[in-house]
Amino acid sequence: MNCCEGLKIEIPKGAKKIVLAGNPNVGKSVFFNALTGMYVDVSNFPGTTVDISHGKFGKDVVMDTPGVYGVSSFNDEERVAKDVIIYGDIILNVVDALHLDRDLFLTLQLIDMGKPLIVALNMMDDVERNGIKIDVDKLSEILGVPVIPTVAIQGKGIDEVKKRIYDAKVGRTHPKILEYIEGIKDKVQLQSEALMVLEDDEEMLNNYNLEPLNLREEIYRLRRQRVDDIVSKVVLKDYDRSTIRQKIGYFMLNPITGIPLLIAVLYVIYKVIGVFVAGTIVGITEETIMQGYYEPFIKNIFSNLFGENSVLFRAFAGEFGLFTLTPTYVLGLLMPLVVAFYFFMSLLEDSGYLPRIAALTDKVLSFFGLNGRAIIPIILGFGCITMATITTRLLGTRREKIIATALLGLTIPCSAQLGVIAGMIAPLGAKYLLIYLTTIFIVFALTGTILNKLLPGESSHLFIDLPPVRMPRLSNVLKKTWTKTWMFLKEATPLFALGALIITLLNETNLLLYIQNFFAPFTVNILKLPKEAANAFIMGIIRRDFGAAGLTDLVLTPEQTVVSLVTITLFVPCIASIIVMFKERSKQEALSIWIGSFIMAFLVGGILALILI
């Protein structure tokens, strides 16, 4: 068997597979970038939504695995990590030195697999700041593998790791675990596979048609005991020393101080992204640059080629054209928002605050069948629903991904839409703003609670690393922002292009007009709005801010304005989000969410209209 079956990773003959492994947030990406330079590719692991980054180090291939706490098949990330690690030739294990008692569990598991291992003991600066000393030589001697102290984000120790990568050694396996391994070695091909069998890994048991040996708990107990023993021998800590960073970390997690702090942080993010970037910056990039200079240039080219009244002109350079709508939407509108959001996300991540937000919100989100990790796509949703839907991949179970995708598509207005909504509702006063916010929150809470009750299975518990609070490094933040923005644009642009072609097809066949006419009676009779409001809802599918902006052209009472804004918020998300939804979820799940949003929008809007109008 081969780790790269089904993956588009070319392994040259005679090349070694160097695999990076470690817990989440230990800095593996810095080592991966240092080893591979610019020669990086990403492949989706078959049967999952997990991506594997891979590149070249000399003649050998480097593969980065998802951050995991152990090698097993408990979720997609662990299964992918296992399938890559188990057939790797050299394992570079990146360990957070400050959390040695946690990270060494994975290190010992890799050693028990019989893999040639080298350990990068990362974040040594945090160790020193917290008054801790680690006997690196003693740790190396006990483990039986090279251990190199590093501060990856500062480049310290990176060259040493690159120099010594081929000094990786098979470490000292626990004698009792080795005895268990020897007992079944004749039934499997590799020691790594034998360990997985002993740990009752279902996939490995099925591969070799073996029955569970029920030794997992015993092996885990032996490994945990050994971790505790090693830590007691190599770590010396000054328990009386409490740094200001630790105190800040405590304030972030304490609900009394943490919730006001979170509200303040989200307010700053909203003001920067939702107001400044979505308004001023997008005004320059979309209206001045793309619509003022780029689109006329493109239209001139295609009018000379095909003539302004031709179908081809409208398909390529018309209002919804492939070379007008798509670049304007992606580069003019989305890119500034995506860059700004990923910049703030990288700041929150690099400072150690993002995991604390997840921990702080975990209890509340558990009522809706989610855990604290879901706060990340929810926050991102206020920037772009398409982007947020993609990031639901980080959630642990299928049911969590369904709940999060449904809540995003139904109740979260993106920044482009939010700007128009804020502009329409602000003049109406606090009363109508409160009605709008309360309605959306009730729908969010009810939808999450109902889906949590109805969907089979259980959601995963939050098991998240809390890295030390630190000052973000600008170079690291900018690198993460660029990498994530580029990957998002690469993935999203073809979807927007497809959306533009679909809209053009609907427009050219007059189907768009039929759809608008179909919704007009619902708009008048249920929502008690002018029939022209149906046009705004349909345009909202093309672009959410198009729909919201379409409402500004109508003469509406304050009550009608609130009803229309609630309805358009709950209405089907834009076509790019719909396409991504169908890509990320099964057709049945995506269709249920899509149709459900239609029904919910008119149902809630209708109830609100009965109460207010």
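Predicted model: local features only at pLDDT ≥ 70, side-chain atom pairs only at ≥ 80, totals over all residues.
Buried means under 20% relative accessible area, exposed means over 50%, and partly exposed is in between, computed with a 1.4 Å probe on protein chains only.

Residues are numbered from 1 along each chain as its sequence is written, and side-chain values use heavy atoms, with hydrogens and water left out. Helices are DSSP runs of H or I with at least four residues, strands are runs of E with at least two, and both are numbered from the N terminus.

Helix 2, then. Helix 2 covers residues 76-85, and eight of its 10 residues are buried, so it is largely enclosed by the rest of the structure. The buried ones are E78, R79, V80, A81, K82, D83, V84 and I85. A81 has a relative accessible area of 0%. From A81 to V71 is 10 residues in sequence and 6.7 Å in space, C-alpha to C-alpha.

Next, helix pairs. Two packed helices are described by the angle between their axes and the distance between the axes. The axes are lines fitted to C-alpha atoms, for helices over the stretch in contact, and the angles run from 0 to 180 degrees between N-to-C directions.

Take helix 14, residues 325-351, and helix 21, residues 474-508: they pack at about 150°, with axes 8 Å apart. Helix 14 and helix 21 are therefore roughly antiparallel to each other. On the cut-offs, under 35 degrees counts as roughly parallel, over 145 as roughly antiparallel, 65 to 115 as roughly perpendicular, and the rest as oblique. The contact of helix 14 with helix 21 has 19 nonpolar, six polar and four charged residues. In that count, Ala, Val, Leu, Ile, Met, Phe, Trp, Tyr, Cys and Pro are nonpolar, Asp, Glu, Lys and Arg are charged, and the others, Gly among them, are polar. Helix 14 passes helix 21 in a right-handed crossing. A crossing is right-handed if the near helix is turned clockwise from the far one by less than a right angle, and left-handed if anticlockwise.

The second pair is helix 18, residues 398-411, with helix 20, residues 430-454; the angle is about 160° and the axes are 10 Å apart. That makes helix 18 roughly antiparallel to helix 20. Their crossing is right-handed.

Back to helix 21 by itself. Helix 21 has 35 residues and reaches 49 Å from first C-alpha to last, close to the 51 Å expected at 1.5 Å a residue. The expected span is 1.5 Å times one less than the number of residues. Where does helix 21 kink? At A492, by about 30°, shortly before the proline P494. The bend at a residue is the angle between axes fitted to the seven residues ending there and the seven starting there. Just after helix 21, N510 takes a positive phi of about 65°.

N214 is not a glycine, yet its phi is about 55°. N214 sits in the loop between helix 9 (202-207) and helix 10 (216-234), and at 66% relative accessibility N214 counts as exposed. K528, also not a glycine, has a phi of about 60°. Its place is the loop between helix 22 (511-525) and helix 23 (533-542), and at 31% relative accessibility K528 counts as partly exposed.

Last, some C-alpha distances. G155, in the loop between strand 8 (147-149) and helix 6 (158-164), is partly exposed at 39%. G155 and V30 are 125 residues apart in sequence and 8.7 Å apart in space. G279 belongs to helix 12, residues 255-306, and is partly exposed at 38%. Between G279 and V420 there are 9.8 Å in space, at a sequence separation of 141 residues. P355 lies in helix 15, residues 353-366, and is buried, with a relative accessible area of 7%. The C-alpha atoms of P355 and G372 are 8.4 Å apart, with the two residues 17 apart along the chain.
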